[in-house]
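Subject: Structure handover

Hello,

Here is the structure I promised. Please open it first, then read my notes below.

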Amino acid sequence: MEMITPMDELQEIYNQQGFLSALPVLDEMQLREARNAFSELEREFGEAYTQYSLHNVHLQYPWVSNLTKHPQILRVVKAILGPDVILLDSRFICKYPALKPDIEENDAQTKADGSGGENGLPYVAWHQDMRYWGIDGGPVLSVWLAFDDSLEENGALRVIPGSHCAGMLPHHQAIRPGNMLSVNQEIPEELVKADESVLCPLLAGQMSIHDGFLVHASDPNTSQKRRCGFVIRYVPTRAYPIHDPDRPRKFHATQLACGSDQFHHFSSKTI
């Protein structure tokens with residue numbers, strides 16, 4: 001599979017907008033194999049667990065590790081971050097259908113713009129990844145690799161283009177129930193330019209990428225279709241963890257994704 005837009009143009013767009021979307025990664029066979037392998041995890045652990053708790057399982061399953069090093073992914077990542085890249089973290093995120101068919105249409109009309117949360121359905125509040133990662137010295141790049149079609153009705157990613165240029169914004173505790181962020185925080189509504197947000201729909205096998213400072217969110221899944229994706233975080237090897245005694249962070253799953261590491265900032269793994 002070939003990307004139509006040249007890499008230098010993709011890099012320029014990413015630098016300006018803070019994200020890229022609908023980039024091809026998995027061909028039909030690769031997608032089928034990945035989805036079948038994930039189905040085994042669903043059967044083994046159950047949907048309540050696979051919704052958000054499959055964290056850093058690239059350390060356990062070779063097929064997941066192979067996805068983090070997929071040539072189509074690393075081709076784009078290297079164009080943005082440079083040749084020397086650390087795999088920081090990975091997680092599967094699934095929004096399973098939660099509404100009964102007879103109330104689906106009515107509940108779809110009650111979603112809040114860009115934030116969701118009505119009826120306690122799982123959603124992701126407006127936030128910036130860098131708020132949670134404790135990284136300095138280089139950018140964090142997040143990949144969302146779609147295992148299912150990711151559309152408006154099942155809670156696709158929504159971003160505010162160019163918002164990564166504003167730096168870190170304040171976050172506070174989210175008010176609406178159902179926020180999937182582990183520390184339940186969100187950017188205050190008055191600081192979010194929700195009217196400038198754009199949806200990033202994906203077909204299964206495609207990916208989006210976004211900068212760690214990009215303001216983004218996703219609404220609840222109000223459809224009868226699962227929305228499953230594999231999230232992978234990458235940083236250049238020059239990046240380093242920040243020491244924060246109030247919130248110590250563990251980086252036990254870091255691996256060299258490509259190139260070489262002359263800095264070894266993550267060699268201790270625990271900060």
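Which residues does Ser197 touch, not counting residues up to four places away in sequence? They are Trp126, Arg158, Val159 and Ile160. Contact here means heavy atoms within 4.5 Å.

Two points before you go on. This is a predicted model, where local features need pLDDT of at least 70 and side-chain atom pairs count only at pLDDT 80 or more, while totals for chains, interfaces and linings use all residues. Residues are numbered from 1 along each chain as its sequence is written, and side-chain values use heavy atoms, with hydrogens and water left out.

**Ser197 and its loop**

Ser197 is in the loop between β8 (185–186) and β9 (198–199). Strands are DSSP runs of E with at least two residues, helices are runs of H or I with at least four, and both are numbered from the N terminus. Is Ser197 buried or exposed? Ser197 is buried, because its relative accessible area is 16% (buried is under 20%, exposed over 50%, partly exposed in between, with a 1.4 Å probe and protein chains only). A polar atom of the Ser197 side chain lies 2.8 Å from the backbone oxygen of Ala194.

**The sheet**

Strand β9 belongs to an open sheet of four strands. The order is β3-β11-β6-β9, and the pairing is antiparallel. Strands pair if DSSP finds at least two bridges between them. Strand β6 (residues 157–159) is joined to β9 by two bridges. Arg158 has Leu199 of β9 as its bridge partner.

**Two packed helices**

Helix α1 (residues 7–17) packs against helix α5 (residues 71–81). The angle is about 60°, and the axes are 9 Å apart. That makes α1 oblique to α5. On the α1 side, Met7, Gln11 and Tyr14 make the contact. On the α5 side, it is made by Arg75, Val76, Ala79 and Ile80.

**Trp144**

Trp144 is in strand β5 (residues 141–146). Trp144 counts as buried, at 9% relative accessibility. Leaving aside neighbours within four places in sequence, its contacts include Ile93, Leu202, Cys228 and Phe230. Arg233 is 89 residues from Trp144 along the chain, yet their C-alpha atoms are separated by 9.2 Å.

Best wishes

Note on methods
A polar contact is a pair of N or O atoms within 3.5 Å; within protein, one must be able to donate a hydrogen and the other to accept it, and residues adjacent in sequence count only if both atoms are side-chain atoms. Axes are lines fitted to C-alpha atoms, for helices over the stretch in contact, and angles run from 0 to 180 degrees between N-to-C directions. Angles under 35 degrees count as roughly parallel, over 145 as roughly antiparallel, 65 to 115 as roughly perpendicular and the rest as oblique.
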